[in-house]
Amino acid sequence: MSRMSEGPGARFLKHAYLWVMLALVFMPFYVMLVVSFKSNAQFYNQTWLPTWPLHFGNWVVGWNTVGVHIANSVFLAVTTTVLTLAVAIIAAYVFGRYKVPLGDLFWMALLLLMLMPGVANLIPLFNLMKRLNMLNSLIGLSIVSAAGGQVLCLYVLRNFIEDMPKEFFECARIDGASHFQQVMHVVVPQCGGIISTLAILNFVSTWNSFILPLITLRDPELLPLAVGLYHLQGAYVKEWGPLMAAYFISAIPLVVLFAFTMRFFIRGVGEGAIKG
Amino acid sequence: MRRAIGLLLVSACVALAAGCGEGAGEGSGGARLEEGWRAYSTGDFDVAVSVFEGVAAAPEATAEDQYSALLGLATTHHLRTNPDFPRARESYERLGELETPDALRQSTLGLALVDLAEGTAGLEGRTNEGQARLMALLRDFPDDPIADEAVIHLAASLLEPMPDKAAPAGFSLPPSGREERGANVLEQRLQTDPDNRLAPSMHIMLANHYKSIGQMREAVDHLIIAEKKGIAGVKTRSVVLWQIARIAENELKDYDLAATYYERYAREFKRTTLFYRARESLERVRALKAQEGA
Amino acid sequence: MRSLWIKLRRYPALLLLVTVYLASTAVVATNILRGRSGAPGQGRKTILRFAHWQLEPGIRSAIDDLIADYTALHPDVEVRQILIPEQGYFQWVNTQLIGRTAPDMIEVGSGGAVGWSLWPKFYARYFLPLDRYVDEPNPYNAGTPLEGVPWRQAFFDEMEGGYSEELQSFFRVPIATSTVRLFYNRDLVRKVWDGPFPETFEDLTELCDRLKAWGEEQGVIMEPIAGSWYNFRQFFNTYRTALTADYLDRLDRDFNGTVSRIESAAPLYSGAVRMDEPALQGNFALIQELAEYFAPGFTALGRDEAVFLFLQGQSAMITTGTWDFEVMRVQAEFDLAVAEIPLPSPSHPRYGALVAGPTTEAGLRGGFPMGVIKDSPNVETTLDFLRFATSLEANEKLNRTMSWLPVAEGARLAEHLQPFAPLIEGYASCITYDAPGAELAFEQTFKELLGGKIDYRAFVESLMAAYDRELPGGVASEFRNGEQTLSQQIRFAALRRAALAGAVGAEKALTADSQAQYQRIMEAYVVQLGTRHNDIRVWIDSVAAKP
Amino acid sequence: MARERVRLSQLRSYWPLYLLLLPTVLLVGLFMYLPAITGIRYSFYLWDGDEVSTWVGLENYRRAFSDPVLGRAFIIVLILFVADLFKMIPSMITAVVIHRTTSDKMRYLYRLLFVVPMVVPQMVMLLIWKFFYNPVVGLLNAFLSWSRLLDLLVAANGWLVQLGLAQKAIFEAGVTPSWLGDSDLVLPALIFWGFPWIGIIGVLIYLSGLEKIPRSVYECAELDGVGWFGKFLYIELPLIATQVRVNLVLMIIGVLKGYGLILVLLGAEGGPGGAAMVPGLYMYYKAFWAREAGYACAIGILLFFVIVVLTWVNNKLVQVKK
């Protein structure tokens, strides 16, 4: 049976297609880079191709505007992610292993939440945060975001734990492991892949989250990147070069993150979906 | 699902509990009352209510404190953004039981206003009750300054077009005769006490009434008197001057009068959007006058 | 411990993450600590926060200069600006106020957004009434002609820009003001136009035609007028006033000199005033004619994009206010000049007969108004800063550096700002087309008309349809809001009454002499009541008159 | 693994489980359900979002059902939804093509490369696309006029008008189309937005499905001489049904709830003639601009029901054969 491989023409076609697609997908990346070196005049006269002289000054300006916010974003994103997963994993363990009375009701209710449009609930949520003195504080913000992240994480993790062989838990239990220990020593190692994937997804979404920080944070020195940059570009005359440089800088941490975790991620998303 | 709801209630309580940050601070009746009134004036009604209730309930509260507290409580319930008429009514009545003349007047006026408000909101017969109360107030305390405000509210309720679900416009004009009564109330007050502290306001009301029924001469006369008696508000004053001049020119064709008041307007209100128009109109009426002369 | 280290080494990503996280936590913590505003008296610096939406380049630095001058006098104070883009500003302020996290002072002026109409309500709830301060002299005016003059008298408009009619009380401190003009690129204009800049509408269109032609023969992009919806409205308002000012006597049923929204909407609704009357038709015909010279699809362009076109010389003109002048001066690489928006001359074939005159700026009030948050811990310091900002010298300097018009009485206008001096002669706007409830519909259909999607007839039809559909509801809610204002006034009157009737504490809670205020409020109340009754009558009549 | 059933009677020994659930329950209940419930409650009020609120019963809903703007909004969002159905295809194809590339190394490389653009901030995409559509200096118009496609469009438009198939001229000679400023072009512009419409998450999800296909299946197909398209139709498509369904659900939710893009791009009125006023945006407009938060909540609830129905239909239609 050596007819598996197709002719060279077909193969070339496939690769050609993929490279074209890649080119298109990378377009924004390219533009971001090119424009970040332009003065407004250059940007105006020749937007899409590199122009000389390159204005490295833009990057300095960009850094000055963004630098302040990076720390906030990292703090916010990491705190949120850790909190979200810590809470979700434990709950998922219960949902995945046991049928506790009324558990399913809560489960249904949880899934319904995914469909709730948020705008109108924004005001009540805000009032609530006010009552709890959670406004203008990164911690408060990350707690709320963690609540938002629950639904997806639970949904995916539960299916995973459900499909894990019973034996793992049984052995652990025979060794007298408490529920919590079972989570630590059985669930976490076994679901490492999917957990890290969820972590990345959470991280990215928090990193890009906009409306909530915009509303709940007051002091400029607390703002995360997305909002800080929004303020920068809300100016009545855009300085395109520094703007793009700033955005580029704000993207770098994500690049680093991906560089390290790509492997889990690519696998994880897939696995998660099949279970879903 | 019931479970979920129950959960929500629990968490709601948590939230509320956490929310009740500002406890009622201590302090002498006077200080607390000032705090309450300030809260009232800045629109923190919940604070105001809690303060006033606190003082009113305090055993050591003096009669004055009681009076101020109950008045504040009633007024807050009555005029807060989402009025609570039943409780306002109840506190006004408590106020009335204090039996100092001041308390009695304030409570009567308050109750009347609540009645009127409920009447406007569509409760049957309330309007009449309110008006009756106000008349009683006028009868019992004719020479107390509070009567002035009573007159204004009474007149207002008689003159105002009533909201009316049935009417295509959502409002219906007052039935014939009611407006006249409104006007009479004002005019009587102005006869008995022509220089009461709200006299200018009353004249303005009368002027508005006459304008609306097209008796422009009377309207202008009242405006002129109001202006003579002295209007405290700068903006109000500019409007009055303009109205006199405009009506005199367009309706009465009394160019002398128009000229005098345009002139005053142009002299006193340089920094208004009507300034240029006033100067222009002044030229015009002068020209017209000249024509008449010739 | 060691085992943990080994574990970590196995996951470089994790290791990195942990370190970065710890670092960022440290930064965040220090930020928060530095951000803590110490209550006055303690060793720590007092931090004033100051939110506004003037993101125009140059303004921020100008205000920083002001702050520097102030902190030079008061080393124990630090003032920080919070700049929020205009699009998000109202929502931001709104939430900060409800959340009681608002900064010490915020800009509370009138922007275009629907939500701005809510300010009065906010003043009453969240802002500090200034009545008890405005009559004290401003210490920073010592040694100037204004020495010893009460604060409010030290403003060119006697601080009317800070007075809230609805609440009969001072709530704002204006620190600058501005007017709207037509900016143009003299180099470009000279290419096709010799002699002075057009003073009539017909010359303006002529100029635009020439510019277009020139652009074509040069083979460069040339959209004569740079416009976004924002900038376009300034044109529209000017011409709306110019062509409809004489409707005053027809619409102003209670002779109070102003046309209320209902007085304007009701006749259009009933057909007493018709969209096909020459003045109204002319108004839109003129604006359509003008729209030809804007960049295509300008209604979808952003304000920044319009300025960009102008600065890059792709357009020769733009209308905007003083607030954009500074950035233009700094960034324009051409000879920038300013003129008034030209009106059709009386001899203009179609519009000449309809034009009443220009829009008056006699009513100009102090702008860039700052409100003081009543539960800020630093009220006194905030007021002191505002006194400084509005003192003769500081205010003159501030406005020279940021190219706005000063508000301090007798402050000199910088030479380059002369063209912005307010014009006294002219009229106030009269008809408004965006009737209560039909705002959205008007904006949408109007854009259709300008985009050439629909002709005037279709425009009028769909607008009138929207009137029929939306107006009853809109008017009703307009009346509801009116009721709220009235009950506000009764509320304030009741406080004064209580004080006069000797209720303990009420007198102290007041901001000024209760007797005078009581009378002022009652007057304002009866005037309001008159307007309201008049509006209701007008509405009833026009509903009855509607075929 | 079958889940262990815990009976009420056993709760004495199993109560700690609830302890483990507590954090989630608290978080979700407090920060997601409480606001949602409040929102539902206020949908029966005339509420300005702050403190002015009066009970009006079903008034808001009655109003919603007779509100032409809202009706139009739902039609618009429907159009966008249908368009997005087609916009799912590129991801599918890409996934299939990647899957069919024989060398494992390349396959991995491609995935890697496709993931990278995920880091580009949304705002940048927005700015770039907005500039791309800019009528005066935008790339699109430059391309159209350079490639003479514009003239073609003008001509086509002209014919359509002549044939009476179109009423008005959208493209006119000498007038550069303003894609975001023209009520007839806004929707197309939004639909074309984000070309080539490859969502990496989607691609990965499909790939994971495809991986489950045993090589033997292909071999049989080869034997029967099934063409590449046949393979796609008979082998691949059925096997990724689950994934398609997942993506569909995500897509439905995203489209119907979404408004951020249009808000930032075209403003709260939904662009010229409100041509892009989607329900989500209308809700936002009512809540934060018109300050009719009560009405906004009502719209939100209606929207919620629509989404529920759609998701249900989707799960019924896209059947998964195990």
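In this predicted model, helix H11 (residues 261-270) of chain C packs against helix H20 (residues 514-545) of chain C at an angle of about 5°, and their axes lie 8 Å apart. Because angles under 35 degrees count as roughly parallel, H11(C) and H20(C) are therefore described as roughly parallel to each other. On the side of H11(C), the contact is made by C:Ile262, C:Glu263, C:Ala266, C:Pro267, C:Tyr269 and C:Ser270. H20(C) contributes C:Asp535, C:Val538, C:Trp539, C:Ser542 and C:Ala545. Sorted by class, the contact of H11(C) with H20(C) has 7 nonpolar, 2 polar and 2 charged residues.

Chain C also contains an open sheet, in which 3 strands follow the order E8-E7-E9 with antiparallel pairing. Strand E8 (317-321) and strand E9 (336-339) of chain C stand at the edges; each has a single partner strand, so one side of each is left without a neighbour in the sheet. From one strand to the next, the twist averages 35°. The pairing of strand E7 (residues 180-185) of chain C with E8(C) is antiparallel and extends over 5 bridges. Within this pair of strands, C:Leu182 is found opposite C:Thr319 in E8(C). Helix H9 (residues 229-244) of chain C packs on the sheet, where H9 touches E7 and E8 of chain C. The direction of H9 makes about 85° with that of E8(C).

The description now turns to the contact between chains A and C. This contact takes 27 residues from chain A and 35 residues from chain C. On the side of chain A that touches chain C, the elements giving two or more residues are helix H3 (57-97), helix H5 (119-131), helix H10 (211-216) and helix H12 (240-275) of chain A. H3(A) provides the largest share of that side, 5 residues. The residues of the side of chain A that touches chain C comprise 16 nonpolar, 6 polar and 5 charged.

Chain B may be considered as a whole. Chain B has 14 helices and 2 strands. Its C-alpha trace spans about 90 × 45 × 45 Å along the principal axes. The radius of gyration of chain B is 25 Å, whereas a compact globule of 294 residues would have one near 19 Å. Of the 294 residues in chain B, 48% are buried. Among contacts in chain B between residues at least 6 apart in sequence, 45% join residues at least 24 apart.

Conventions. Residues are numbered from 1 along each chain as its sequence is written. Chains are lettered from A and ligands numbered from 1 in the order in which they are written. This is a predicted model: local features need pLDDT of at least 70, side-chain atom pairs count only at pLDDT 80 or more; totals for chains, interfaces and linings use all residues. Two strands pair if DSSP finds at least two bridges between them. Helices (H or I, at least four residues) and strands (E, at least two) are DSSP runs, numbered from the N terminus. Axes are lines fitted to C-alpha atoms, for helices over the stretch in contact, and angles run from 0 to 180 degrees between N-to-C directions. Two residues are in contact if their C-beta atoms, placed from the backbone, lie within 7 Å. The radius of gyration is taken over C-alpha atoms; the globule rule is 2.2 Å times the number of residues to the power 0.38. A residue is buried if 20 or more other C-beta atoms lie within 10 Å of its own, exposed if 12 or fewer, and partly exposed in between; C-beta atoms are placed from the backbone. Angles under 35 degrees count as roughly parallel, over 145 as roughly antiparallel, 65 to 115 as roughly perpendicular and the rest as oblique. Ala, Val, Leu, Ile, Met, Phe, Trp, Tyr, Cys and Pro count as nonpolar, Asp, Glu, Lys and Arg as charged, and the others, Gly among them, as polar.
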